Amino acid sequence: MTTVPDIYRILPEVILTLTGVLMMLTDATIPPHWARRNLGWIGAIGTTLALWSSLWQLSLPEGTAFFGTVETSAFTVFFHVLICGIVLVTLLLSLDTLPGRSHHQGEFYTLIVFGAVGMCLLTGAVELLVAFIALEISSIATYVLAGYRKETGKGPESALKYFLLGSFATAFLLYGIALIFGATGTTHIYEIARLAPLAVNHTLVIASLALMLVGILFKVSAAPFHVWTPDVYEGSSSPVAALLSTAPKAAAFALLLRVIYEAYPSLHSFWSPLLWIVAVVSMTVGNLAALRQRNVKRMLAYSSIAHAGYLLAAFAGASSMGIAAASFYTAAYAAMNVGIFAIVTLVSGYDDRAILLDDFRGLIHRAPLLGSLLIFFLISLTGIPFTGGFAGKFYSFSAAMGAGAIWLTIIGLLNSGIAAGYYLRLALVSAQKPDADSEQPRPQMGVAVSAAIALCFLATLVLGILPNVTLHAAQQGAQTLQAPIAAPPSNVTP
Amino acid sequence: MHVILFALFAVFCLAGAINLLVQTHPINSALSLIVVMTSLAVMYLLLGAEFLAAAQVIVYAGAVMVLFTFVIMLLNAGREERTRGSSVARTIGLPAVVVILAVLATIILHVQGLGNTSLGQGITTTEELSTVLFHELLLPFEVTSVLILIAILGAVALARVEGSSPDDAERTGQ
């Protein structure tokens, strides 16, 4: 029995926080006319360090710290690595695409790094109060990042919408936490699992779960809580949209897994049909709306709603398979979606000069490498074999099938068919001959953005061809989530 | 005595809240909010949470509201224009309010199953509160500082006047 110093258990968060503070202080001390671009490199280095430290946490015995409020396990490491990876790629992507020095670059990078602190902490939180504060950190960072393009008009509008709706959703989550505290006298996830079945007032327990689900499903943009998504993605710049559509969602899915599988396993019969409905509605609404979009970013926004639906299908499965499939899907979706947003950034620019479907016409002739990569990511999003998207959908739907949710699987497969319509339309358009009179500039690719796209490409490919490594990690995570370690509220490290 | 105090301040609280919505001048709304906050403090006191009541008065009714009024005065916000409101809010909102009220009323009046809760035993003194705050909930307490930091950072980034880069500001300053 070894005791691990508490600080080791939150090492990635500590590294990210220190990086953020360092960036902020450097930003304040360097002369105003100097370029802020190098701050992004500091952020990238810090994020890489956090990623490694998170992998190092695997060598620690599983357990909690800070009086049982945060946990390190294979599950948290999986999501930490995923989130740090997304943040790293987003930073690399922003490094080359953010416009000149007038744009508060320093604050931009710092906000991304601080947001990552919240997202990482959210995946490790086993105390709902920590989860709430972590969620707020990540949300506030994303609200600000969404409104960063002040000159467009759409930016502030979308940020304000996002902020108001997001605060409203957070209030639901908080209300749910308050109710479960009223019913059981605790906000600790393991304690809730133990006490919730014994609660005198069972209605209160159900109400608390329902309210929390509203809050969390908003953050993952599942229908019917999805209305903000297209506007916010359209209003924010493409690197930010890449981050928004993946990292906070991954963290929110981690929280969702923890809440329903760890805190409320006793209410399985309640949340299982509920998530079934949400999954079906998200897929259908997302895909049907995406079919009608001419704006590529709005199309991707609706596609992200649909993907949240595919992911939720995994929740219908038995716990071990379901958790593993959901974790895997988060990773696969992150790889391909960040990749496609990276290409959209390069083609359309920071200010979305050319974001309509027609602007992508003949991309493969203008920029052969970029065009082929776009088609590759689209194929992955469609879910064609040998890509991460296929493996993700395969595991998700097999988890649903394994639990006997045949109809869910059928609806999911039908939806994949609908989705192929708009993904392949974009792929076809980019493969067509360009118009003779079109004057589209050739996208410029710097070192950082090339590295970002290469990372996304490799991740998508590896997840498609060799899914076993990641799936194994996800399964280990699922096991730690399933077998909650006894965590007494007093500081007795098991 | 408890019931009388509760009834009195519950009415104050509701009246303040309604007045807050009805008033068109921001200052009047802010002053009504003080009434709401202070009445809530009395509610906490009735529940036996002295510290919470004191904190409510000092932090919310005091500090936060002073900040509110300052901001309103700084912005020199004038009287709001009265709009006719959206028709959706009237056609759906009002029936929804009635339905929710009716449902809540039936549940509370008929079921009587909501039980009793009191804050009394757990946390009353400042000492016990600080044990929870700085011991069991040490991590969330500390992490809140990151939350505040990021909010300030975001406010600075969003509020800075666009077009005047730090570069330009420096030059004009010189």
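1. A word on confidence before the details: pLDDT is the predictor's own confidence in each residue, on a scale from 0 to 100. Chain A averages a pLDDT of 89, and 95% of its residues score at least 70. Chain B averages 80, with 83% of the residues at 70 or above. For the complex, the predictor gives an ipTM of 0.87 and a pTM of 0.87. This is a predicted model, in which local features need pLDDT of at least 70 and side-chain atom pairs count only at pLDDT 80 or more, while totals for chains, interfaces and linings use all residues. Residues are numbered from 1 along each chain as its sequence is written, and chains are lettered from A and ligands numbered from 1 in the order in which they are written.

2. In chain A, pLDDT is below 50 over residues 485-494, a stretch with 18 contacts in the model beyond near neighbours in sequence; a contact here is a pair of residues whose C-beta atoms, placed from the backbone, lie within 7 Å. In chain B, residues 164-174 stay under 50, and the model has nine contacts for them beyond four places in sequence.

3. Now to the interior. A residue is called buried if 20 or more other C-beta atoms lie within 10 Å of its own, exposed if 12 or fewer, and partly exposed in between, with C-beta atoms placed from the backbone. A nonpolar core is a set of buried Ala, Val, Leu, Ile, Met, Phe, Trp, Tyr and Cys residues joined through C-beta atoms within 7 Å. The largest such core has 199 residues, of which Ile83(A), Ala342(A) and Ile343(A) touch the most other members. Its largest share, 21 residues, comes from helix 15 (residues 319-348) of chain A; helices (H or I, at least four residues) and strands (E, at least two) are DSSP runs numbered from the N terminus. Leaving aside residues up to four places away in sequence, Ile343(A) touches Leu370(A), Leu373(A), Leu374(A), Phe377(A) and Ile453(A).

4. Helix 19 (residues 406-431) of chain A is worth a look. Its 26 residues reach 37 Å from first C-alpha to last, close to the 38 Å expected at 1.5 Å a residue, where the expected span is 1.5 Å times one less than the number of residues. Among its buried residues are Gly412(A), Asn415(A), Tyr422(A) and Tyr423(A). The cover over the buried residues of helix 19 includes helix 13 (268-291) and helix 14 (296-313) of chain A. Gly421(A) also lies in helix 19, but Gly421(A) is exposed, because 12 other C-beta atoms lie within 10 Å.

5. Which backbone details would I check by eye? Phe66(A) has a positive phi of about 50° although it is not a glycine, and Phe67(A) likewise has a positive phi, of about 60°. Phe66(A) is buried, with 21 other C-beta atoms within 10 Å, and Phe67(A) is buried with 20. Separately, a cis peptide bond joins Ala223(A) and Pro224(A), with omega about 5°; Pro224(A) is in the loop between helix 9 (202-219) and helix 10 (228-235) of chain A.

6. Finally, the interface: 26 residues of chain B are in contact with 33 residues of chain A. On the chain B side, the largest share, 14 residues, comes from helix 6 of chain B.

How values were computed. Two residues are in contact if their C-beta atoms, placed from the backbone, lie within 7 Å.
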